[in-house]
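Me: I am new to this structure and would like to understand the terms used for it. Could you walk me through them, please?

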Amino acid sequence: MVGILGSRLLHKTLMSTITAAGQGFHKEVEKPPMCRGDSQNDIQINTSNGFYCDYFSPNKAYKPKMWTEAWAGWSTEFGGPVPYRPAEDLAFSVAKIILKGGSYINYYMYHGGTNFGRTAGGPFIATSYDYDAPLDEYGLLRQPKWGHLKDLHRAIKLCEPALVSISPVLTPLGNHQEAHVFKSNGACAAFLANYNQHSFAKVPFENKHYNLPLWSISILPDCKNTVYNTTRCIAESVLLCSTITTDKETLRI
């Protein structure tokens with residue numbers, strides 16, 4: 001499992017904890033739950049698990065939005081189909097929680113594995129726990145998923161100065177299109193989203209026009225130039241991507 005950190009809220013939460021400790025403040029605290037929980041305890045942080053997490057909100061406004069299990073795939077049952085989650089869909093779900101102020105993402109699983117004997121995790125669960133993870137059961141790169149996520153996190157990293165400085169401002173760009181903009185003290189990052197599942201969209205933003213493939217998010221670390229789109233696989237194994245994107249449409253193959 002691999003996690004990433006971001007957002008102004010989580011940064012402030014951590015800094016407040018460090019400051020309090022530095023002032024000699026000590027308090028016995030419960031261990032925060034790693035997985036999904038609905039605790040109303042002020043000390044604990046409730047989190048979310050699932051294929052998508054953008055709908056989730058913590059039970060207190062001052063708590064960070066944390067995705068403790070971003071499911072890269074699913075477990076395999078004996079006699080059942082091998083689960084598969086497209087790289088584009090996983091990237092879309094990760095970008096979507098970031099644009100909504102998400103603070104933390106932990107992949108489950110990032111590295112597949114093997115469970116032998118009675119350690120398989122439940123009735124009818126296969127020995128293989130590959131989970132369609134970016135690193136497969138044998139530790140090999142699963143392309144295009146590994147490369148597509150690497151490119152995604154590189155793009156998010158470029159947005160870091162803006163992401164940790166301010167909460168996003170939402171601007172509608174159409175019936176199913178939105179801009180989520182992080183702008184503060186000279187730093188600016190924008191996430192342009194097209195939630196239409198049937199057609200691409202051409203949207204205006206900051207005196208320019210941007211082509212957004214269907215069901216996709218574009219990342220602009222400087223609010224001007226697109227460095228990443230969740231449907232545009234440009235990883236090492238581009239021919240393995242499940243979509244081909246042009247300026248006008250996205251074709252499924």
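Reply: Gladly! A disulfide is a pair of cysteine sulfur atoms within 2.5 Å. Keep in mind that this is a predicted model.

Me: What makes Cys 188 and Cys 223 a disulfide?

Reply: Their sulfur atoms lie 1.9 Å apart, and the cut-off is within 2.5 Å, so the pair counts as a disulfide. With -80 degrees about the S-S bond, this link is left-handed. Cys 188 sits in strand E9, while Cys 223 belongs to the loop between E12 and strand E13. The two cysteines are 35 residues apart, and the bond links distant parts of the chain.

Me: How many disulfides does a search of the whole structure find?

Reply: The search finds one.

Me: Why is Cys 53 called buried?

Reply: Its relative accessibility is 0%. Buried means under 20%, so Cys 53 qualifies.

Me: And why does Cys 233 count as buried?

Reply: Cys 233 has a relative accessible area of 7%. That value is under 20%, so the word buried applies here too. Cys 188 and Cys 223 are buried as well.

Me: Which residues touch the most other members of the largest nonpolar core?

Reply: They are Val 94, Tyr 107, Leu 152, Phe 191 and Ile 219, in a core of 33 residues. Several elements each supply at least two residues, including helix H3 (145-158) and strand E9 (187-194). Helix H2 gives the most, with eight residues. Apart from this core lies another one of 13 residues, among them Leu 173 and Val 181.

Notes: Residues are numbered from 1 along each chain as its sequence is written. This is a predicted model: local features need pLDDT of at least 70, side-chain atom pairs count only at pLDDT 80 or more; totals for chains, interfaces and linings use all residues. Side-chain values use heavy atoms; hydrogens and water are left out. A nonpolar core is a set of buried Ala, Val, Leu, Ile, Met, Phe, Trp, Tyr and Cys residues joined through side-chain atoms within 4.5 Å. Buried means under 20% relative accessible area, exposed over 50%, partly exposed in between (1.4 Å probe, protein chains only). Helices (H or I, at least four residues) and strands (E, at least two) are DSSP runs, numbered from the N terminus.
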